[in-house]
Amino acid sequence: MSNDNIFRPYSEHSHLAACSCGQHASQHEHDQEAEKARMLRARDAETLSKDFMEAAVVKALFPEDATRRRFLRAVGAGTAMAAISSILPFDSLHAMAAEAKGPLEKKQLRIGFIPINCATPLIMADPMGFYAEQGLEVSLQKTAGWALVRDQMLNGELDASHFLAPMPLAISMGLGSSAQPMRVATIQNINGQAITLASKHKDNRDPKNWKGFRFAIPFEYSMHNFLLRYYLAEHGLDPDRDVQLRVTPPAEMIANLRAGNIDGFFGPEPFNQRAVYDNIGFLHVLSKDLWDGHPCCSFGTSEAFIKENPNTFAALYRAILNAASAASVPENLPEIAAAISTPNYLNQPEIVIRQALTGRFADGLGNVINEPRRAGFDPMPWYSMATWMMTQMKRWDYIKEEMDFNAMAEQVFLMTDARRHMAELEMEDAHAEPTSGYPSFTIMGKEFDPADPQGYLNSFAIKRSS
Amino acid sequence: MIQSLRLKAAILSILIFLVLLFVWQISVQTNTQEISSAGMDEEYALLMGLSPETGGSRTDGFPAPKDFAILAWNQLSDPFYDRGPNDKGIGIQLAHSLGRVGLGYLIAFAVAVPLGFVIGMSPLLYQALNPYIQVLKPISPLAWMPIALYTIKDSTTSAIFVIFICSIWPC
């Protein structure tokens with residue numbers, strides 16, 4: 001707030017009620033010089049919008065212009081400014097009102113990614129020009145593992161990043177690291193993961209016989225971990241006591257499987273397909289067959305970044321949404337596979353990436369399978385997805401205390417923003433049902449009702465917490 | 001006499017190198033598997049990366065000396081290419097590393113040499129600072145890395161700091 005506000009809500013000589021913008025009444029009172037100086041200020045769109053909002057707020061506080069002027073005379077303009085700004089968060093209001101095409105606060109961004117298929121929209125946005133279209137210069141930083149992504153987000157080396165969908169929840173709650181509010185702007189991909197087993201287990205497909213197996217998972221706060229635990233528990237195995245789960249960066253899963261250090265892994269593509277390609281493993285089950293439409297990775301950033309750079313964040317949002325919608329056109333997939341297989345992105349044979357993306361693939365057992373829903377890209381960050389993740393975190397004792405899952409979900413998953421930006425881009429998904437953001441899901445034939453997370457938790461036989 | 005000793009040493013070195021290469025080749029040969037398209041249907045073989053042009057088979061596993069030599073030649077013959085932040089030539093990467101080492105060492109040099117003179121000239125300072133130096137000296141340089149990352153919050157600066165801290169102590 002400042003005294004040079006062009007609408008002069010703090011001046012006892014101005015007439016806010018005279019016209020909606022407050023400009024015309026002042027022309028009688030001020031000489032041409034002052035007027036010019038004021039209008040110069042109005043040339044900057046951002047200042048103009050700030051000034052307008054302040055004037056509007058003051059006008060709302062004092063609908064009678066006479067009252068406002070009496071108040072200002074009584075307490076003084078400076079005191080009034082301080083008093084009003086102490087009760088009204090002007091800065092946040094400015095951020096919220098940021099125009100879609102407002103000036104970008106920050107143009108050069110460092111965005112992290114892990115070289116896996118899940119990162120497709122985020123990577124594709126670079127060569128396909130979606131970042132440039134929004135005026136952003138993005139430098140994509142290939143990162144070696146999820147813990148590193150978390151650390152580089154926490155210390156501010158990355159502006160935004162590819163996350164595993166549960167990571168922003170875990171970081172916001174301070175699980176496994178210091179707490180810092182993180183936000184999920186969009187889900188990156190749905191489905192597209194698998195349980196891969198070493199070739200020697202070809203005839204041992206029944207999970208009941210898997211006691212003592214060692215599995216690799218990419219990170220503790222991952223859908224891979226939660227879905228693998230869910231799958232094992234549904235087959236009567238306790239994932240903490242009957243098997244060993246090892247956190248392994250996706251790229252190292254192949255070497256470990258080859259060396260026999262692990263019996264299998266629940267991993268991201270293209271590593272499941274890579275195991276088949278290298279003739280060391282086979283696809284036991286696709287994640288799509290456990291939960292069709294499950295989220296996997298997300299795109300997000302810290303709350304602090306959003307507050308400081310609302311326009312940049314909005315531009316980034318539009319770029320990612322455009323990229324996700326381009327990635328969900330099946331005809332684009334072979335071309336995308338070729339573009340992201342190069343050494344600067346995924347550094348994998350193109351044929352491997354293509355199989356995982358298009359869903360026509362070799363399964364490692366001699367069959368060619370056609371499953372177009374093997375991997376998909378649906379950016380909507382449904383609240384109930386977050387709720388499900390937190391029920392599993394609670395189930396396996398990552399979350400110790402009682403908490404309101406849905407409140408946390410609505411804080412971290414920016415579904416309203418996603419819908420607003422989709423509507424701006426005229427995407428049909430903007431109005432996807434249900435508008436509440438709480439669709440229910442079916443996971444391995446079992447219904448998850450987001451309205452009753454506690455009841456859902458109680459229904460599991462194998463769990464750590466009550 | 002010295003001439004012939006050097007010659008003998010050089011020949012022995014080359015022999016050791018050849019033996020090592022031989023061991024490498026042998027151990028790779030026993031460990032690689034041949035992936036062959038025999039018994040696969042046509043599309044499955046293609047999806048496994050076994051196209052008829054390559055003879056329908058390829059070997060997989062730890063690379064043999066020959067594979068290594070080919071890759072090394074490819075890397076070394078084009079050392080300065082730059083395809084974005086995630087794919088740079090080996091020359092550029094080496095230059096980055098050497099730059100960091102040089103900078104860290106230079107800072108250590110600027111701090112340690114004057115300080116060393118002062119400590120050497122003043123028995124009082126020597127006795128006062130010696131316990132700290134003796135305690136901090138044996139800390140593994142890598143152990144400083146997490147602390148550096150946490151406080152400096154930038155990986156490049158942290159790396160330079162770690163090089164600085166490992167070059168600063170007297171041996």
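Colleague: How many residue pairs are in polar contact between chain A and chain B?
Modeller: Five, with both residues of each pair at pLDDT 80 or more; a polar contact is a pair of N or O atoms within 3.5 Å, one able to donate a hydrogen and the other to accept it, and residues adjacent in sequence count only if both atoms are side-chain atoms. This is a predicted model, so local features need pLDDT of at least 70 and side-chain atom pairs 80 or more, while totals for chains, interfaces and linings use all residues. Residues are numbered from 1 along each chain as its sequence is written, chains are lettered from A and ligands numbered from 1 in the order written, and side-chain values use heavy atoms, without hydrogens or water.

Colleague: And which side chains meet in a salt bridge?
Modeller: Arg360(A) and Glu43(B), at 2.5 Å, N to O. The term covers a side-chain nitrogen of Lys or Arg within 4 Å of a carboxyl oxygen of Asp or Glu, and the count between the two chains is one.

Colleague: Which element gives the largest share of chain A's side?
Modeller: β2(A), with four residues.

Colleague: Switching topic: is Gln392(A) buried or exposed?
Modeller: Buried, because its relative accessibility is 0%; the cut-off for buried is under 20% relative accessible area, with exposed over 50% and partly exposed in between (1.4 Å probe, protein chains only).

Colleague: What is Gln392(A) in contact with, leaving aside neighbours within four places in sequence?
Modeller: Phe226(A), Tyr230(A), Tyr456(A) and Phe460(A), where contact means heavy atoms within 4.5 Å.

Conventions: Helices (H or I, at least four residues) and strands (E, at least two) are DSSP runs, numbered from the N terminus.
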